[in-house]
Amino acid sequence: RTHENPTDAEEQLTQVLKKAIERKAKIISPTFSVGRTQEIVYSLHRIFEDNKVQRIPVFVDSPLAVNATEVFRLHPECYDEETNEFIQKNEDPFGFNKLKYITDVADSKKLNDIKGPCVILSSSGMCESGRILHHLANNIEDPNNIILMVGYAAQHTLGRKIIDKEKVVKIFGEEYNLNAEVIVMENFSAHADENELVNYCNQIDKQKLKQMFLVHGEIDQQEAFKNNLGKIGINNVIIPQRGQVVKI
């Protein structure tokens, strides 16, 4: 797939925050604990620091995400120039006023009674396990709330069903009406998109390339990518079937 421009991510996130503030909504966002959560928190910090919107409470409800964030903090030598400039004005890129990291189960349950506007970031990103399931169960039927999807969700997962805006979804075996507004942002994707992958493959010496196998992604996207590879002269492409054996 072709992703949206990542430079537009903060502006789009700002618009989502404005919408939530206007109607006092909860933003429930399933986020992967390592990488995605820290990226969203960093973006929220920048948005609040630039006074693009008023500050609202932000909760990171994931023990793994809390631990992973500490690893990010311990390695500022890995930050890019833009982040280092931000740190000169703000001591901690992953911490700010009204941000709370939650590990305790009791504190997680208290979020059920929190009134909006607020943001709850919780794992897992595909909504298949973890505390996000509880937050979805408690908020998915309220049309005032927003479910913000910021990552890929595989077919047949709850996350994909939410992205596809199915009217009824199952959580813990119970049926829930998907009444909350679903907003999908692809700007934060950590994967290379179609254009980046084609550009990467175009740098391969096609005279030496004997065979290429596409083993990742959904079949319709694999077929489309195979077709695009053909346009740059890579025609020896196989999409293996499950269990298929190839001698190399």
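**Stop 1: helix α6**

Select residues 132-139, helix α6. Six of its eight residues are buried, so α6 is largely enclosed by the rest of the structure. To see which ones, colour I132, L133, H135, L136, A137 and N139, the buried residues of this helix. What you have open is a predicted model.

**Stop 2**

Now select S124, in the loop between β4 and α6. Is S124 buried or exposed? Its relative accessibility is 18%, and the cut-off for buried is under 20%, so S124 counts as buried. Show the residues around it: leaving aside neighbours within four places in sequence, S124 is in contact with P30, T31, S129 and I132. I132 is one of the buried residues of α6 from the previous stop.

**Stop 2: the whole chain**

Zoom out and switch to a cartoon view. The protein chain has nine helices and 10 strands. Of its 248 residues, 42% are buried. Among contacts with a separation of 6 or more, 76% are between residues 24 or more positions apart.

**Stop 3: strand β1 and I27**

Select residues 26-30, strand β1, and pick out I27 within it. At 2% relative accessibility, I27 counts as buried. Which residues is I27 in contact with, once its neighbours within four places in sequence are left aside? They are V16, L17, A20, C118, V119, I120, I146 and L148. For a distance check, draw a line from the C-alpha atom of I27 to that of V182: the two are 155 residues apart along the chain and separated by 9.8 Å.

**Stop 4**

I132 and L133 take you back to α6, where both are buried.

**Stop 5: strand β8 and V184**

Select residues 181-184, strand β8, and find V184 in it. V184 has 32% relative accessibility and therefore counts as partly exposed. Leaving aside neighbours within four places in sequence, V184 is in contact with M149 and I163.

**Stop 6: helices α8 and α9**

Finish with a helix pair. Two packed helices are described by the angle between their axes and the distance between the axes. Select α8 (residues 194-201) and α9 (residues 219-231); their axes come within 10 Å and cross at roughly 40°. The two helices are therefore oblique to each other. The crossing of α8 past α9 is right-handed. Show side chains for the residues making the contact: E194, L197, V198 and C201 from α8, and F225, N228 and L229 from α9. By class, five of these residues are nonpolar, one is polar and one is charged.

Notes
Residues are numbered from 1 along each chain as its sequence is written. This is a predicted model: local features need pLDDT of at least 70, side-chain atom pairs count only at pLDDT 80 or more; totals for chains, interfaces and linings use all residues. Side-chain values use heavy atoms; hydrogens and water are left out. Axes are lines fitted to C-alpha atoms, for helices over the stretch in contact, and angles run from 0 to 180 degrees between N-to-C directions. Helices (H or I, at least four residues) and strands (E, at least two) are DSSP runs, numbered from the N terminus. Angles under 35 degrees count as roughly parallel, over 145 as roughly antiparallel, 65 to 115 as roughly perpendicular and the rest as oblique. A crossing is left-handed if the near helix is turned anticlockwise from the far one by less than a right angle, and right-handed if clockwise. Contact means heavy atoms within 4.5 Å. Ala, Val, Leu, Ile, Met, Phe, Trp, Tyr, Cys and Pro count as nonpolar, Asp, Glu, Lys and Arg as charged, and the others, Gly among them, as polar. Buried means under 20% relative accessible area, exposed over 50%, partly exposed in between (1.4 Å probe, protein chains only).
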